[in-house]
Amino acid sequence: ITPIIKPFVQKARTEDFYYFFALWFLCASIVPRWAAYSGYFIAGYYLTHKVTLSEKMQKQSLVLYVVTSLVIALGTYQQTVFSNHFYEQFYEYLHLFVVMSSVAGFVGLRWLFETVEKAKKSLKKMQRMWVQEKIQVVSNASFGIFLSHQLIIDALVTGKFRVPIHSLMVTPLLGLIVTFSLVFMSSTVLIVLVERVGKRLFEK
């Protein structure tokens, strides 16, 4: 979808973005998933390049991210208890609270990271460079992590590493932390290795 999105975002006016987002919310449920997910890519571009948010709004976005994340978690818990089986609708990528959480998280966490980055200027140069290098590695691999994370989750849940690992293997909170950490680290290592092997092959 990149060849389709790129020309649009480069030439689109502010009004065009508003029109697209309105269509996205109205039609996301009836278009193919790959097309529906494109709204996240365009929203990220718009928030990065087309608008300038005040520091107050960015802080408020961080609060909204926490609130919507809690709503998703508590709503899922309540509906799961009520229906006596795992209720996953709150976690659907195109659910209203997931969209709100994603957009608010993008704005709020970016502000938080930028604030932390400014604070790091007081650190020694080598320490700062090391942190920036690791952040850059994760940043460069982020799209690959997104594409590969479901494969890692499936491998963990189905027990391909001998012991099934999932968010309910112990307490939900601890299981979620363990699962997230393993999936994130495994996906990052996988993508970094693939990129390095690819570079060596093409360099030859």
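Among contacts in the protein (heavy atoms within 4.5 Å) between residues at least 6 apart in sequence, 63% join residues at least 24 apart. The structure is a predicted model, in which local features need pLDDT of at least 70 and side-chain atom pairs count only at pLDDT 80 or more, whereas totals for chains, interfaces and linings use all residues. Residues are numbered from 1 along each chain as its sequence is written, and side-chain values use heavy atoms, with hydrogens and water left out.

Read from the N terminus, the order of the elements is accordingly α-α-α-α-α-α-α. Of the 204 residues, 26% count as buried, a class that means under 20% relative accessible area, as against exposed at over 50% and partly exposed in between (1.4 Å probe, protein chains only).

An example of a buried position is threonine 76, which lies in helix 4 (residues 55-83) and is classed as buried because its relative accessibility is 4%. When residues up to four places away in sequence are not counted, threonine 76 touches Val71, Phe86, Tyr87, Phe90 and Tyr91.

Surface patches are made of residues with over 30% relative accessible area and no salt bridge, like charges being joined within 9 Å and nonpolar side chains (Val, Leu, Ile, Met, Phe, Trp, Tyr) within 5 Å. A salt bridge is here a side-chain nitrogen of Lys or Arg within 4 Å of a carboxyl oxygen of Asp or Glu. A nonpolar patch of about 540 Å² is made by Phe41, Tyr93, Leu94, Phe143, Phe146 and Leu147, and its largest share, 3 residues, comes from helix 6 (residues 125-157). Phenylalanine 146 has its place in helix 6 and counts as partly exposed because its relative accessibility is 40%.

A positive patch is formed by Lys134, Arg196, Lys199 and Arg200, with Lys and Arg counted as positive, Asp and Glu as negative, and His and the chain ends not counted. The place of a charge is taken as NZ of Lys, CZ of Arg, CG of Asp or CD of Glu. Helix 7 (residues 172-203) contributes the largest share of the positive patch, 3 residues. Arginine 196 lies in helix 7 and, at 56% relative accessibility, counts as exposed.

Methods: Areas by Shrake-Rupley, 256 points an atom, 1.4 Å probe, with all protein chains shown as cover. Helix = DSSP H or I, 4+ residues; strand = E, 2+ residues; numbered from the N terminus.
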